[in-house]
Amino acid sequence: MATNAAAPPCPCYDTPEGVDILGRYDPEFAAILTRDALAFVAGLQREFRGAVRYAMERRREAQRRYDAGELPRFDPATRPVREAGGWACAPVPPAIADRTVEITGPAEPRKMVINALNSGAKVFMADFEDALSPTWENLMRGQVNLRDAVAGTITYRDAARGREYRLGDRPATLFVRPRGWHLPEAHVLVDGEPAIGCLVDFGLYFFHSHAAFRSGQGAGFGPFFYLPKMEHSREARIWKGVFERAEKEAGIGRGSIRATVLVETLPAVFQMEEILHELRDHSAGLNCGRWDYIFSYVKTFRARPDRLLPDRALVGMAQHFMRSYSYLLIQTCHRRGVHAMGGMAAQIPIKDDAAANEAALELVRKDKLREVRAGHDGTWAAHPGLIPAIREVFEGHLGGRPNQIDAAAGDAARAGVAVTEEDLLQPPRGARTVEGLRHNTRVGVQYVAAWLSGSGSVPLYNLMEDAATAEISRVQNWQWLRHGAALDAGGVEVRATPELLARVVEEEMARVEAEVGAERFRRGRYAEAGRIFSRQCTAPELDDFLTLDAYNLIVVHHPGASSPCKL
Ligand SMILES: CC(=O)SCCNC(=O)CCNC(=O)[C@H](O)C(C)(C)COP(=O)(O)OP(=O)(O)OC[C@H]1O[C@@H](n2cnc3c(N)ncnc32)[C@H](O)[C@@H]1OP(=O)(O)O
Ligand SMILES: O=CC(=O)O
Ligand SMILES: [Mg+2]
């Protein structure tokens with residue numbers, strides 16, 4: 001790609017025709033938002049916006065059918081793709097044959113990016129999605145961090161602690177997760193309308209780093225991506241188009257870019273073969289995004305009183321529908337020659353209680369053992385402190401092999417399990433309680449407060465919480481209220497009503513204030529978060545995403561940031 005033209009004469013962004021930047025000007029950001037990089041992003045936006053709009057409309061149309069009683073199912077029209085034995089995805093690039101442990105974390109803060117790359121994990125998934133609050137500052141700093149990480153020059157000085165951070169000898173291989181198709185980027189306008197968030201994330205990172213990545217980490221391939229929250233293979237087809245356009249403009253071979261698709265919506269589990277087929281030249285497998293998957297189960301069945309979820313804490317991978325999803329994902333990936341990645345255990349290290357810490361670690365070990373025995377080729381870690389234990393489980397089981405793609409190994413294959421539509425839809429079992437409603441509320445409000453303040457992943461009650469886990473709290477409360485679920489209140493049955501939720505919100509807000517302290521509560525955005533969370537849980541129609549509604553509250557426009565200087 002061509003390099004940037006001469007810098008503009010005043011401190012504002014130098015934008016190509018039809019592009020306006022409404023975010024704060026910063027010289028560091030300007031090195032990312034170059035005229036050529038923006039022209040590349042605008043080209044993607046112009047070519048694919050119609051297809052994205054259409055795909056989003058199809059999502060709404062499918063939801064209307066589910067609301068009317070139809071169940072998600074395998075598409076009879078694409079049966080030949082699913083049943084054909086004669087196709088496989090492109091061979092796995094050597095640089096990512098071994099993905100036994102992948103650490104995830106937001107693309108900003110910078111220190112965390114360095115820690116993740118040095119963590120001992122094989123892969124670092126740098127997140128612009130579930131773990132990142134998409135403020136302008138976070139997004140742009142995230143881009144700066146990734147450019148420097150790929151260049152190998154990233155450093156950070158923690159002045160308060162007198163600590164220097166720099167890359168070690170064998171950093172993890174970088175995957176980048178752009179936002180989902182549904183999220184706009186309100187600080188970047190293309191032809192007067194907000195850009196599609198993921199095209200900004202993808203486009204800027206690709207533009208600045210593809211060459212360095214391919215000659216370094218990717219060993220001739222890459223860059224590598226994780227693709228979130230898709231609901232249908234037509235959305236994967238758009239990504240394929242984006243990749244091909246990017247490869248062509250960069251002058252690199254078709255199939256250089258590779259991506260792992262997160263199967264984290266209920267409709268997508270019926271489309272896994274079709275998704276791999278669309279992306280077969282660009283695929284790096286599939287991943288069980290379990291938290292969004294649970295969120296999507298509730299969302300898809302929002303109109304169904306017969307499919308209420310039990311307490312959030314009871315919806316784990318041992319539930320039949322979750323186990324079936326993981327088995328089918330493993331079978332599908334191995335049949336097509338790519339990695340079947342496991343997901344995230346929510347436990348994180350507990351610093352001040354050795355026994356509780358050991359118990360949390362044991363839960364992580366069990367989860368990972370279940371995954372590797374099922375046939376997964378690798379898995380996720382939320383925190384560097386978990387990596388030794390997870391590595392021990394995966395590497396111990398794989399016995400020196402980088403993955404088990406060819407082995408037809410694992411419970412998913414051994415038992416000859418034929419996963420059916422009924423298996424994938426079986427309602428989860430367990431109790432629904434007022435304590436569950438309280439926990440959802442406590443977690444949901446604190447998460448929204450953190451997100452509004454710029455943190456997209458936070459530790460709460462010794463668990464990792466991010467946008468996906470918080471969504472479960474929100475939609476579960478909404479579902480219980482909408483259908484007047486019977487909740488156990490210590491042996492007494494009560495109905496979930498708006499009045500009950502109002503009382504719970506008031507009491508839980510008081511509890512949170514006592515936990516975090518009055519000063520932090522006052523300075524944080526807790527009151528605002530309480531109002532947003534309550535409104536969302538009681539809305540007559542379920543909002544598609546918590547973060548879409550709340551996004552308007554983190555958009556900060558700096559009028560004139562680009563337009564006065566337009567050349
Ligand atoms: C559903 C999904 O999508 S899962 C994927 C998306 N979610 C995520 O990626 C969550 C990733 N994890 C995290 O964000 C963090 O671990 C949290 C927020 C849960 C906890 O973070 P903290 O409270 O800062 O953890 P803690 O205080 O124990 O951190 C200790 C050290 O580990 C580092 N650390 C913690 N988590 C990570 C991580 N995921 N990546 C890199 N470094 C990390 C911290 O930076 C800190 O470093 P330092 O000693 O140099 O200061
Ligand atoms: O992105 C992962 C998930 O579990 O959601
Ligand atoms: Mg997710």
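This is a predicted model: local features need pLDDT of at least 70, side-chain atom pairs count only at pLDDT 80 or more; totals for chains, interfaces and linings use all residues.
## The largest nonpolar core

The largest nonpolar core holds 165 residues, and the members that touch the most other members are Val 41, Phe 124, Val 261 and Leu 329. Because both domain 1 (39-425) and domain 2 (434-551) give residues to this core, the core lies between them.

For Val 41, the contacts that remain once neighbours within four places in sequence are left aside are Ala 195, Leu 199, Val 200, Gly 203 and Leu 204.

## The shell around ligand 1

Ligand 1 is surrounded by 24 residues, of which Thr 104, Gly 105, Asn 115, Asp 130 and Ser 457 are the closest. Two or more residues of this shell come from each of the elements β2 (101-106), α4 (110-117) and β14 (458-460), and α4 gives the most, with four residues.

In composition, the shell around ligand 1 comprises 14 nonpolar, six polar and four charged residues. Domain 1 (39-425) and domain 2 (434-551) each supply at least three residues to this shell.

## The setting of Phe 74

Phe 74 sits in the loop that runs between α2 (35-67) and α3 (79-83). With 17 other C-beta atoms within 10 Å, Phe 74 is classed as partly exposed, since a residue counts as buried at 20 or more such atoms and as exposed at 12 or fewer.

Not counting residues up to four places away in sequence, Phe 74 touches Arg 82, Phe 270 and Glu 421. Between Phe 74 and Arg 474 there is a separation of 400 residues in sequence, and their C-alpha atoms are 28 Å apart in space.

How values were computed:
Residues are numbered from 1 along each chain as its sequence is written. Chains are lettered from A and ligands numbered from 1 in the order in which they are written. A nonpolar core is a set of buried Ala, Val, Leu, Ile, Met, Phe, Trp, Tyr and Cys residues joined through C-beta atoms within 7 Å. Domain bounds come from an automatic or database domain assignment. Two residues are in contact if their C-beta atoms, placed from the backbone, lie within 7 Å. A residue is near a molecule or strand if its C-beta atom, placed from the backbone, lies within 6 Å of it. Ala, Val, Leu, Ile, Met, Phe, Trp, Tyr, Cys and Pro count as nonpolar, Asp, Glu, Lys and Arg as charged, and the others, Gly among them, as polar.
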